[in-house]
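Biologist: I would like to learn how to read a structure feature by feature, starting from the general idea and then turning to the case at hand. Could you take me through one?

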Amino acid sequence: RIVYVNGEYLAEAEARISIFDRGFLMADGVYEVTSVLDGKLIDFDGHAKRLQRSMDELDMRAPVTTEELLDIHRELVRKNEITEGMIYLQVTRGSAGDRDFAFPDPETTEPTIVLFTQAKPGLADNPAAKKGIRVIGIEDIRWGRRDIKTVQLLYPSMGKMMAKKAGADDAWMIEDGFVTEGTSNNAYIVKGDTIITRALSNDILHGITRAAVLRFAREAQMKVEERSFTIDEAKEADEAFVTSASTFVMPVVEIDGQTIGEGVPGKVAPRLREIYLEESRKAAV
Ligand code: PLP
């Protein structure tokens, strides 16, 4: 696999990053995951804008322009012959040489940028979308700036492991009784013909897929309510689902062992998945 590191395309075994990089020492970095369908990028603009916002919120300097970023994404897709899959992008603050809690001078420190591809044939035709996934509720003990897409992913990883141990696929995180989001996706329920998902704030990541799905839902005259819901309300819902760049729209058919609806994907989530895939493919770059 060919990867991109600080201006160079290299074989992955040739790629090198300093051990003093603050991404490695302090999780001082941000990332994006963009999916590829038909060899094209899904919602590149959305991901590029959120990356800029994450960097701005952390006073991090952008290593490349958005145009350069698009070129790098496309070049990696080409070099690795990706038809369906993902591109992972990470920008870290780099390092001034030593370990220090204070940020190094941005004028004299180069940020580190890394991109690599992950081929996932069958991403759009994921059989899990036909069956739906099972989730468990766990406490949300993450920090208070979940709107910044940082590489501090230890708790979401632990959440996935808790789910695995419980025989489930993923976890929904709960704060003060209300669901915040999934470990790596935004969470939704459907009641009657209304789609309900938590409103944007610093409590959740502002999902790029979320923005697109809500736009498509409204365009299709579906009702959308952006408000918090409890895990108990979710268990009584007609449908539940999650969204993310790598799973698109994924039905949830069980929460804490309790069946949602008929225990199979309902009407709304599969329809949204279909609309999302169709519209995103059309707009892909
Ligand atoms: N919420 C969290 C915590 C995530 O990690 C992710 C994606 O990685 C999402 C939501 C979904 O965001 P997006 O649709 O931009 O992939």
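The dialogue below takes up domains, a helix, a core and a single residue in turn.

Modeller: Before we start, please keep in mind that this is a predicted model.

Biologist: Into which domains is the chain divided, and how many Å separate their centres?

Modeller: The chain is divided into domain 1, covering 2–119, and domain 2, covering 128–283, and their centres, taken over C-alpha atoms, are separated by 26 Å.

Biologist: How should I read the contact between them?

Modeller: In general, the size of an interface is often given as the accessible area lost when the parts come together. Here we can count residues instead: 21 residues of domain 1 are in contact with 13 residues of domain 2. On the domain 1 side, strand 3, helix 2 and strand 5 are the elements that give two or more residues, and the largest share, 8 residues, comes from strand 3. By class, that side of domain 1 has 8 nonpolar, 8 polar and 5 charged residues.

Biologist: Which residues of helix 2 are buried, and where do they lie around its axis?

Modeller: The general idea is that an α-helix has 3.6 residues a turn, so residues three or four places apart point the same way. In helix 2, the buried residues are Phe 44, His 47, Ala 48, Arg 50, Leu 51, Ser 54 and Met 55. They are on the same side of helix 2 because they cover an arc of only 165° around the axis. These buried residues pack against strand 3, strand 4, helix 3, strand 5 and helix 6. Helix 2 itself, residues 44–57, reaches 20 Å from its first C-alpha to its last, close to the 20 Å expected, and is followed by Asp 59, whose phi is positive, near 55°.

Biologist: How many residues has the largest nonpolar core, and which have the most contacts inside it?

Modeller: In soluble globular proteins, nonpolar side chains tend to be buried together. The largest nonpolar core in this model has 61 residues, and those with the most contacts inside it are Val 135, Tyr 188, Ala 240 and Val 252. Strand 14, residues 248–255, gives the most to this core, with 6 residues, and the core draws at least three residues from each of domain 1 and domain 2. Leaving aside neighbours within four places in sequence, the contacts of Val 135 include Ala 163, Trp 172, Val 252 and Ile 255.

Biologist: Why is Glu 233 classed as partly exposed?

Modeller: Glu 233, which lies in helix 7, has 15 other C-beta atoms within 10 Å and is therefore partly exposed, since a residue counts as buried at 20 or more and as exposed at 12 or fewer. Glu 233 and Ile 189 are 44 residues apart in sequence and 8.6 Å apart in space, C-alpha to C-alpha.

Technical notes: Residues are numbered from 1 along each chain as its sequence is written. This is a predicted model: local features need pLDDT of at least 70, side-chain atom pairs count only at pLDDT 80 or more; totals for chains, interfaces and linings use all residues. Helices (H or I, at least four residues) and strands (E, at least two) are DSSP runs, numbered from the N terminus. The expected span of a helix is 1.5 Å times one less than its number of residues. The arc is that of the directions from the helix axis to the C-beta atoms. Two residues are in contact if their C-beta atoms, placed from the backbone, lie within 7 Å. Domain bounds come from an automatic or database domain assignment. Ala, Val, Leu, Ile, Met, Phe, Trp, Tyr, Cys and Pro count as nonpolar, Asp, Glu, Lys and Arg as charged, and the others, Gly among them, as polar. A nonpolar core is a set of buried Ala, Val, Leu, Ile, Met, Phe, Trp, Tyr and Cys residues joined through C-beta atoms within 7 Å.
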